Amino acid sequence: MSERLNIVDHNQLFRQEKYVRQREGKRAFEAPCSPEEVTSTLEYTKTKEYKDKNFARTAVVVNPAKACQPLGAVMAALGFEKTLPFIHGSQGCTAYFRSHLARHFKEPVPAVSTSMTEDAAVFGGMRNLIDGMENCIALYQPQMIAVCTTCMAEVIGDDLSAFLANARQEGALPEDMPVPFANTPSFSGSHITGYDAMLRSVLETLYNKSGRTPQPGHELKLNVLLGFDGYTGNFAEMRRILGLFGVPYTILGDHSSNFDSGATGEYSYYYGGTPLEDVPKAADAAGTLAIQQHSLRKTLGYMKRTWGQQVSSVSTPLGIHATDRLLEEISRLSGREIPEALKQERARILDAMMDSHAYLHGKRVAMAGDPDMLIGLIGFCLELGMEPVHIVCSNGDRKFEKEAELLLKSSPYGAEATVHCGQDLWHMRSLLFEDPVDLAIGSSHLKFAAKEAKIPLLRVGFPIFDRHHMHRYPIIGYQGALNLLTQFVNTVLDVMEEQAPDHSFDLVR
Ligand code: SF4
């Protein structure tokens, strides 16, 4: 007879005496500072003097709000049909990218590695790459292999182009197998740079392989790019909007199916993605619309220059104005009127914003994330009468900073804001102590600073590890604005109720 499993939650488990004793023994062995010293040092790190020292640091980064370049390259690769991400570098990096994406999407993430170790670091990783090609084709039968690098391969200067040519010469790689590749060292750039580099390489490789000549405007279709997007719901929302317009389209880089497969009892390595044959045809499209611009610079530049595409790009369309602009651009590129259904939707969302306005107006906010997401969030907060105060963008540059500052200047609610590019979440912690705010907005990484500052975190962006299914709900478009609004206002109401004295614990809000 099988015994019933008694699985103890870790919160209870580690309160058991043997674990308490184990921790005390470890603490005694490590001979730490006294509790008083820990408390006083912690308090010191909340002072203005410490903040100035924190902002003066140059040699170390603490908890940056960004991930490695190859992680973005893996996401870009998974946007295409039967494409296997292939990471030339160490296995540990690959495990990190896969687990990072799996923790956010709660889905398995197929990707292989050349597993470089000490010998490859000394003699170069060509053998690993050639053997890896042969193995992965035999095991996983991809239609395309998308190769990116980690720091190790970049530091020793492995030449991907030459290695791949040798792999073809040796017969490890069939002549007709497309192999886009991108150099993605993580000592520069971030996940968005890696995404951009890989997407551009995929488009270029498939286009060159087709031998076609671009004929922009020959097709009535629109090309649509969502960029590095952690929300599978955004893809569904974009399809819905384009469906209402009745515009034929091709999403270039659609990773939503790979990160949202169903439980059928059978596992496949590949789910959906943009069909490879659609890529060369995309050069004939009537126009290209991107809903990220900072994370797609190289790709959009390529499409403009080489395909002669009419390219329109907006930052992540969060809120009313940004969605208006998105719809205007779709209308302009496709020559179709904005559908009545979307106009009605806009009116309903505006009404919802007015309903919640009293609770959100004047709320001071700190936010961290990717450049395009932050531009969207700043715009939406200003529309709601919320006041962005601290904006940290670890992977932002001067171009982003200028755009953010211009947007903040457009509203009196942006008057107090400061934009911190290249700073990390330890900087954000200092900002939260020096100039407190009501709410924080960002990924799960911001939860530690938010907890210490005793403010709620509105989880928006990537990665969200500690809440479930948020990526399934769109945040773009009018529908996305309603989803964000619901999250924002209900969090504020939760806090209000937690703090309410009995006479204010009202039934109606
Ligand atoms: S920083 Fe470089 S070595 Fe470290 S995980 Fe990222 S790619 Fe790998």
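Colleague: Where is His-88 found?
Modeller: His-88 sits in strand 1. Helices (H or I, at least four residues) and strands (E, at least two) are DSSP runs, numbered from the N terminus. Before we go on, this is a predicted model, where local features need pLDDT of at least 70, side-chain atom pairs count only at pLDDT 80 or more, and totals for chains, interfaces and linings use all residues. Residues are numbered from 1 along each chain as its sequence is written.

Colleague: Why does His-88 count as buried?
Modeller: A residue is buried if 20 or more other C-beta atoms lie within 10 Å of its own, exposed if 12 or fewer, and partly exposed in between, with C-beta atoms placed from the backbone. His-88 has 31 C-beta neighbours inside 10 Å, so it counts as buried.

Colleague: Which residues is His-88 in contact with, leaving aside its neighbours within four places in sequence?
Modeller: Contact means that the C-beta atoms of two residues, placed from the backbone, lie within 7 Å. Leaving aside neighbours within four places in sequence, the contacts of His-88 include Thr-114, Leu-129, Val-147 and Leu-160.

Colleague: What makes the buried residues of helix 10 line one face?
Modeller: In helix 10 (residues 160-170), the buried ones are Leu-160, Phe-163, Leu-164 and Ala-167. Seen down the helix axis, they fall within an arc of 95 degrees, so they line one face of helix 10. That arc is taken over the directions from the helix axis to the C-beta atoms. On the face turned away from the buried side you will find the exposed residues Ser-161, Ala-162, Ala-165 and Gln-169.

Colleague: What covers the buried residues of helix 10?
Modeller: The cover includes strand 1 (83-88), helix 8 (126-140), strand 3 (144-149) and strand 4 (181-182). After helix 10 comes Gly-171, with a positive phi near 85 degrees.

Colleague: Why is helix 19 called largely enclosed by the rest of the structure?
Modeller: Seven of the ten residues of helix 19 (residues 425-434) are buried, so the rest of the structure largely encloses this helix. Those buried residues are Leu-425, His-427, Met-428, Arg-429, Ser-430, Leu-431 and Leu-432. They pack against helix 4 (48-56), strand 9 (364-368), strand 10 (387-393), strand 11 (418-421) and helix 20 (447-452).

Colleague: Which domains is the chain divided into?
Modeller: The chain is split into domain 1 (69-209), domain 2 (222-260 + 270-340) and domain 3 (343-502); such bounds come from an automatic or database domain assignment. Between domain 2 and domain 3, the C-alpha centres lie 25 Å apart. Their contact takes 27 residues from domain 2 and 31 residues from domain 3.

Colleague: Which elements give two or more residues to the side of domain 2 that touches domain 3?
Modeller: Helix 12 (232-245) and helix 15 (319-334) do. Helix 12 gives the largest share of that side, seven residues. The residues on that side of domain 2 divide into eleven nonpolar, 14 polar and two charged. Here Ala, Val, Leu, Ile, Met, Phe, Trp, Tyr, Cys and Pro count as nonpolar, Asp, Glu, Lys and Arg as charged, and the others, Gly among them, as polar.

Colleague: Which residues are around the ligand?
Modeller: They are Cys-68, Pro-70, Cys-93, Tyr-96, Thr-150, Cys-151 and Ser-186. A residue is near a molecule or strand if its C-beta atom, placed from the backbone, lies within 6 Å of it. This shell divides into five nonpolar, two polar and no charged residues.
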